[in-house]
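Me: I am new to this structure and would like to learn how to read its features. Can we take them one at a time?

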Amino acid sequence: MENRPSVWSSNRFWRRSATWVTGVASVLLVFLTFDSMGQMKMGTAADIKNKVDKRIPSPLVINYKIDYKLNKTRGHEIPIIGGMDANGYSKYEEKEKFFGKDNWSEKEAKALIHKGKLTIQAKNCMDCHTLLGNGAYYAPDLTKAWLDPTWETLASAYGGKEYAIAKFLENPPAMAMHERKMPNLGITKEEAKAVVAYLKFMSAIDTNGFPRNFGKIKGAVDARK
Ligand code: HEC
């Protein structure tokens with residue numbers, strides 16, 4: 001019998017393998033890029049109307065009540081927009097006034113949220129806070145700050161959760177809630193309103209339960225007591 005060289009030492013085999021692996025990986029990468037782009041695309045008014053859950057919802061969510069509930073199937077909390085249906089997902093029905101009205105148009109809501117984002121960037125909130133995984137941990141994670149139960153307890157005294165947060169942002173030391181205080185960054189009334197819109201919108205983004213254990217941290221020192 002002829003002594004044939006092993007396939008592992010064949011140049012032709014390795015060249016073909018490399019070509020195939022590169023080809024398949026390229027196709028997969030193109031598919032994954034489009035899939036990610038689809039997941040990151042902001043929802044629209046039509047999605048809300050048709051009750052379609054989008055990972056990043058329409059800016060119109062500022063017109064709705066937002067909750068954060070444990071989803072047993074997924075094993076972590078998910079944002080619930082406008083009330084929860086029987087299956088544990090968003091119903092997009094229960095509205096909630098945001099700075100006096102619950103009929104912000106898509107254009108108005110988008111503009112306000114955008115202004116909030118610009119303010120957050122201009123004031124470098126990430127020097128101390130984390131937003132959607134970016135930033136520092138000197139101060140509380142802001143990704144779900146809108147859902148911090150503290151604001152619920154202050155809502156009635158300020159005429160609504162949004163007014164309480166805006167008031168805090170305009171002069172944080174005056175409303176300090178922890179021993180470690182947030183400095184006054186000279187945020188105007190209009191900027192504060194926009195930042196709160198951004199915080200509300202961000203809390204409605206489905207972040208796969210990040211940050212973990214949100215709202216369950218015990219033992220924080222309440223400086224008002
Ligand atoms: C120098 C650090 C620092 C910077 C910069 C900073 N913060 Fe804070 N922030 C804090 C600290 C500390 C607290 C906790 C203070 C307290 O509870 O009294 C806080 C608390 C907050 C809270 C309440 C959080 C919650 O869970 O309820 C919000 C909202 C907030 N900051 C928003 C902002 C925004 C928006 C900016 C940028 C415009 C900003 N912060 C910039 C330090 C900072």
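Me: Which residues have the most contacts inside the largest nonpolar core?

Reply: Keep in mind that this is a predicted model. In soluble globular proteins, nonpolar side chains tend to be buried together. Here the largest nonpolar core has 38 residues, and Val-195, Tyr-198 and Leu-199 have the most contacts inside it.

Me: Which elements give two or more residues to this core?

Reply: They are strand S2 (76-81), H3, H5 and H6. H6 supplies the largest share, nine residues.

Me: What does Tyr-198 touch, not counting residues up to four places away in sequence?

Reply: Leaving those residues aside, Tyr-198 touches Ile-113, Gly-116, Lys-117 and Ile-120.

Me: How do I read the packing of H3 and H6?

Reply: Two packed helices are described by the angle between their axes and the distance between the axes. For H3 and helix H6 (residues 189-203), the angle is about 105° and the axes are 7 Å apart. Angles of 65 to 115 degrees count as roughly perpendicular, so H3 and H6 are roughly perpendicular to each other. On the H3 side the contact includes Leu-112, Lys-115 and Thr-119, and on the H6 side Glu-191, Ala-194 and Phe-201 are among the residues involved. The residues of this contact between H3 and H6 divide into eight nonpolar, two polar and three charged.

Me: At what angle do the axes of H4 and H5 cross?

Reply: The axes of helix H4 (residues 149-158) and H5 cross at roughly 95° and come within 7 Å. H4 and H5 are therefore roughly perpendicular to each other. Among the residues that meet are Trp-151 and Tyr-158 in H4, and Tyr-163 and Ile-165 in H5. The contact of H4 with H5 has seven nonpolar residues, no polar ones and three charged.

Me: Which residues come nearest to the ligand?

Reply: There are 27 residues around the ligand, and Cys-125, Cys-128, Ala-139, Met-177 and Met-182 come nearest. Helix H3 (106-122) and helix H5 (161-170) are the elements that give two or more residues to this shell. By type, the shell around the ligand holds 17 nonpolar, five polar and five charged residues.

Me: How far apart are Ala-25 and Gly-43 in sequence and in space?

Reply: Ala-25 and Gly-43 are 18 residues apart in sequence and, C-alpha to C-alpha, 30 Å apart in space.

Notes: Residues are numbered from 1 along each chain as its sequence is written. This is a predicted model: local features need pLDDT of at least 70, side-chain atom pairs count only at pLDDT 80 or more; totals for chains, interfaces and linings use all residues. A residue is near a molecule or strand if its C-beta atom, placed from the backbone, lies within 6 Å of it. Helices (H or I, at least four residues) and strands (E, at least two) are DSSP runs, numbered from the N terminus. Ala, Val, Leu, Ile, Met, Phe, Trp, Tyr, Cys and Pro count as nonpolar, Asp, Glu, Lys and Arg as charged, and the others, Gly among them, as polar. Axes are lines fitted to C-alpha atoms, for helices over the stretch in contact, and angles run from 0 to 180 degrees between N-to-C directions. Angles under 35 degrees count as roughly parallel, over 145 as roughly antiparallel, 65 to 115 as roughly perpendicular and the rest as oblique. Two residues are in contact if their C-beta atoms, placed from the backbone, lie within 7 Å. A nonpolar core is a set of buried Ala, Val, Leu, Ile, Met, Phe, Trp, Tyr and Cys residues joined through C-beta atoms within 7 Å. A residue is buried if 20 or more other C-beta atoms lie within 10 Å of its own, exposed if 12 or fewer, and partly exposed in between; C-beta atoms are placed from the backbone.
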